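Here are my notes on the aromatic contacts. Please read them beside the model.

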Amino acid sequence: MATRKQHESVLEADRTEVQPPRLYRVLLLNDDYTPMDFVVIVLQRFFALDRERATRVMLQIHHEGKGTGGVFPHDIAATKVEQVSNYARQHQHPLACVMEEE
């Protein structure tokens with residue numbers, strides 16, 4: 001009986017480090033014209049904050065000039081900015097919404 005030697009080759013997967021996505025803070029900016037109740041509604045509708053948390057963030061916006069709606073990956077943050085801006089314009093409010101890298 002003949003014996004064959006089989007050469008075994010092992011394929012090793014290249015390991016690449018996957019970095020978590022960059023995060024962006026979505027900020028609402030204070031102005032003198034947008035009603036406080038409207039800002040609370042925006043925070044509830046687009047950032048899923050409960051009424052109490054939305055009210056706290058609205059007061060931060062009012063007193064400090066800006067407040068955070070949330071922190072998201074780039075595409076989601078950009079979508080939130082666009083949604084809030086469009087919603088504010090539809091309701092004839094100058095509420096500004098921007099994003100900045102964390």
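Are Phe 46 and Tyr 87 buried or exposed? Both are buried. The cut-offs are under 20% relative accessible area for buried, over 50% for exposed and partly exposed in between, with a 1.4 Å probe and protein chains only.

1. Basis. This is a predicted model: local features need pLDDT of at least 70, side-chain atom pairs count only at pLDDT 80 or more, and totals for chains, interfaces and linings use all residues. Residues are numbered from 1 along each chain as its sequence is written, and side-chain values use heavy atoms, with hydrogens and water left out.

2. Ring pairs. Rings of Phe, Tyr and Trp (its six-membered ring) pair if their centres lie within 6.5 Å; planes under 30 degrees apart are stacked, over 60 edge-to-face, the rest tilted. The count is 3 aromatic pairs.

3. Phe 38 and Tyr 87. The ring centres are 5.5 Å apart and the planes meet at 10°, so this pair is stacked. Phe 38 belongs to helix α1 (residues 36-47) and Tyr 87 to helix α3 (residues 74-90), so the contact ties together parts 49 residues apart in sequence. Helices are DSSP runs (H or I, at least four residues), numbered from the N terminus. Phe 38 is buried at 8% relative accessibility. Tyr 87 is buried at 12%.

4. Phe 46 and Tyr 87. Here the centres lie 5.2 Å apart with planes at 70°, so the pair is edge-to-face. Phe 46 is in helix α1 and Tyr 87 in helix α3, 41 residues apart.

5. Cluster. Ring pairs join Phe 38, Phe 46 and Tyr 87 into a cluster.

6. Charge over ring. The charged end of Lys 80 sits over the Phe 47 ring, 5.7 Å from its centre. The rule: NZ of Lys or CZ of Arg within 6 Å of the ring centre and within 35 degrees of the ring normal.

Definitions and conventions:
Helices (H or I, at least four residues) and strands (E, at least two) are DSSP runs, numbered from the N terminus.
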